[in-house]
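Here is a short briefing to read alongside the structure. Please keep the model open as you go.

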Amino acid sequence: MSTTVLDGEPVASAIRDSVADRIAALDEAGVSPTLATVVASDDPAQHRFVDLKHEACAALGVETRDRRLDSDAGQASVVDAVTALNDDPAVDAVFLQTPLPTHVSVDAVRDRFDPAKDVDCFHPENLGRLVGSTPRFVPATTEAVVRLLAHYDVRLAGRHVAIVGRSATIGRPLANRLLWDDEPGNATVTVCHTHTSDLGATLRRADVVVTACGVPGLVDESMLSEGAVVVDVSANRRSAGGETTVVGDVDYESAAAHASAITPVPGGVGPVTIAALLENVVLAAERRHHNSSKSAKES
């Protein structure tokens, strides 16, 4: 069986081209789209994820702000960083790198986000709108999975999708997005997690398997139905012999021999996620420009 490699770069490139045109239009109107990021970690992987976002912004002319806090920073420091960026009129979008340190309440930080700047649907209002199929923004990773499958003509309507991972940032938003009565959507969705009994049995019933749990090599060919489509969202860093490699949750070699289509790690979902985030930043800037122009006309 021939296996299609779901390369993310063609999808990301198309999104970037569209975003570049929209940035040019904003520039002509005197608007500079600006993304602000907050990191509260000493983990090099988290810092690298944020660096990639800044590099992508620089390549397209999106301005950036960056707040980096140590992992022992207090909850008040994280909240203050988010609040300051919310209040900065030059900032269109605020992105918080997760996971947060265990001593920082996710709810306390989440509630302080300005929903209009919350481009990755961290705030409960934006998550609720996503569940209700009327999103202000679609989270970048969720949008990346949907766009990747659409690009490669992977049909979702009526098919069984199993998602491994129930996080509020990936698993749950993606599950709700795939349930929309809209294309691509109308899937039958199962969300698997640490309490799922016999994970393999559940995954073997699925037409499409999406992994987003951060456990390297968790899924192999024995857990897949013949011809399944496999989307590996995770990018886990593994160190051995002084070298660091990036691997997914799927044992790629064994799964690729069994699947009809599979994402590589790296190079699959990752580049599309960054491009989708930039698209949301530009959307936030367009809305700000529209609202400010409307207010000026009314005054």
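Strands β7 and β8, the latter spanning residues 229–232, pair in the parallel sense over four bridges. Bear in mind that this is a predicted model.

**Around strand β7**

**Nonpolar cores**

- Which residues touch the most other members of the largest nonpolar core? They are V161, L178, V210, V229, V231 and V233, out of 50 residues in that core.
- Helix α10 (residues 269–298) gives the most to this core, contributing eleven residues.
- Leaving aside residues up to four places away in sequence, V161 touches L156, L178, A187, T188, V189, T190, V208 and V210.
- Another core, of 18 residues, lies apart from the largest one, and its members include A36, A81, V82 and L100.

**The three-stranded sheet**

- Three strands form an open sheet in the order β3-β2-β4, with parallel pairing.
- Its edge strands are β3 (63–69) and β4 (93–96), each of which pairs on one side only.
- On average, and ignoring direction, neighbouring strands of this sheet are turned by 15 degrees against each other.
- Helix α2 (residues 44–60) packs on the sheet and touches β2, β3 and β4. The direction of α2 makes about 165 degrees with that of β3.
- Strand β2 (residues 34–40) pairs with β4 in the parallel sense over four bridges.
- Within that pairing, T37 stands opposite F95 in β4.

**The α6 and α7 helix pair**

- The axes of helix α6 (residues 140–151) and helix α7 (residues 171–178) come within 9 Å and cross at roughly 45 degrees.
- The crossing of α6 past α7 is right-handed.
- Which residues make the contact between α6 and α7? From α6 come T142, V145 and V146, and from α7 come P173, L174, R177 and L178.
- L178 is also among the residues that touch the most other members of the largest nonpolar core.

Key
Residues are numbered from 1 along each chain as its sequence is written. This is a predicted model: local features need pLDDT of at least 70, side-chain atom pairs count only at pLDDT 80 or more; totals for chains, interfaces and linings use all residues. Side-chain values use heavy atoms; hydrogens and water are left out. Two strands pair if DSSP finds at least two bridges between them. Helices (H or I, at least four residues) and strands (E, at least two) are DSSP runs, numbered from the N terminus. Axes are lines fitted to C-alpha atoms, for helices over the stretch in contact, and angles run from 0 to 180 degrees between N-to-C directions. Contact means heavy atoms within 4.5 Å. A nonpolar core is a set of buried Ala, Val, Leu, Ile, Met, Phe, Trp, Tyr and Cys residues joined through side-chain atoms within 4.5 Å. Buried means under 20% relative accessible area, exposed over 50%, partly exposed in between (1.4 Å probe, protein chains only). A crossing is left-handed if the near helix is turned anticlockwise from the far one by less than a right angle, and right-handed if clockwise.
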